[in-house]
Amino acid sequence: MKSKILSVTINVALAAIVLAVGFIGFWGGSAAAVSYKSDNLYYGGDENGNCVTLTFNVYEGTEIVEQILNILDEHGAKATFFIGGAWADDNIDCVREIYRRGHELGSHGYFHKDHSKMSYEANLEEIRPSVKLLEMICGQKITLFAPPSGAFAENTINACVELGLKVIMWSRDTIDWRDKDVSLIVNRATLNLNAGEIILMHPKEQTVKALPTILNYIREQGLTADTVSRNLGEK
């Protein structure tokens, strides 16, 4: 019952957010774009530390997300989940569970759009509601954004600066959404792995199968699987 009430409350509030963003865009009242910030774009973290990060871009696979959470718990690992707003709106309990288990949440936009082709205002209108939604669900400020498909442009960077978000990319792409070969996914994640790296993953069945081996390898190398923010040395 509480989840249903929360869902209704969030949906009403989100509708207000979307309307407000649209109103600002219509009247041309959005903040002026700030200058390009190349230091707001991250492909990795502290190369001199002992941390690497697994990131999971989530727009589907609720049951698989739950399996991933259990595996991470078994290995004492933390990760960063970049959540699509459209998925979060339908999976509030799962989003809250990710946060409750000590993992980091970031925005993955709302409707999985190509941000590289969007204006500054359109980037704001796509990212801002997803951030507000996640903040309402977990009660924690969201500070990270991962562009869908890694597609971004100067307008994206500037919009994220305006919203107080760091733009997070990756140093390794497992391409687990396409390839079902578990050994290939493991190899892409682990071969010559170095401290500070960010490994991109998705909630797929083959990812679940590969994850324990990847986490064991990370530990065997004397590394720790932790969040993006900790990898960046921030918290």
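Student: Is Thr-55 buried or exposed in this predicted model?
Tutor: Thr-55 belongs to strand β2, which covers residues 51-58. Its relative accessible area is 2%. A residue counts as buried under 20%, so Thr-55 is buried.

Student: Which residues does Thr-55 touch, not counting residues up to four places away in sequence?
Tutor: Residues up to four places away in sequence are left aside, and a contact requires heavy atoms within 4.5 Å. On that basis, Thr-55 touches Thr-80, Phe-82, Ile-198, Ile-199, Leu-200, Met-201 and Val-228.

Student: Is Thr-190 buried or exposed?
Tutor: Thr-190 is found in helix α7, residues 182-190. Leaving aside neighbours within four places in sequence, it is in contact with Arg-172, Ile-214 and Tyr-217. Its relative accessibility is 8%, so Thr-190 counts as buried.

Student: How does Ala-86 count at 26% relative accessibility?
Tutor: Ala-86 lies in helix α3, residues 85-90. Not counting residues up to four places away in sequence, Ala-86 touches Tyr-110 and Phe-111. Buried means under 20% and exposed means over 50%. Because its value is 26%, Ala-86 counts as partly exposed.

Student: What distance separates the C-alpha atoms of Ala-86 and His-108?
Tutor: Along the chain, Ala-86 and His-108 are 22 residues apart.

Student: Which residues lie closest to the centre of the largest pocket?
Tutor: The largest pocket holds about 250 Å³ of space. It is lined by 16 residues. The closest to its centre are Asn-57, His-108, His-112, Trp-177 and His-202.

Student: What span should helix α5 have, and how far apart are its end C-alpha atoms?
Tutor: Helix α5 runs over residues 120-138, which gives 19 residues. The expected span is 1.5 Å times one less than the number of residues, so helix α5 should span 27 Å. Its end C-alpha atoms agree with this, being apart by 27 Å.

Student: Which residue follows α5, and what is its phi?
Tutor: The residue that follows α5 is Gly-139. Its phi is positive, near 70°.

Student: What percentage of the residues in the protein chain is buried?
Tutor: The protein chain has nine helices and nine strands. It contains 235 residues. Of these, the buried residues make up 49%.

Terms used:
Residues are numbered from 1 along each chain as its sequence is written. This is a predicted model: local features need pLDDT of at least 70, side-chain atom pairs count only at pLDDT 80 or more; totals for chains, interfaces and linings use all residues. Side-chain values use heavy atoms; hydrogens and water are left out. On a 1 Å grid over the protein atoms alone, a cavity is a set of points where a 1.4 Å probe fits but cannot get out, and a pocket is an open set with protein on both sides within 12 Å along at least five of seven lines; lining residues have an atom within 4 Å of a point. Grid points are joined across faces, edges and corners, and a volume is the space filled by probe spheres set on the points. Helices (H or I, at least four residues) and strands (E, at least two) are DSSP runs, numbered from the N terminus. Buried means under 20% relative accessible area, exposed over 50%, partly exposed in between (1.4 Å probe, protein chains only).
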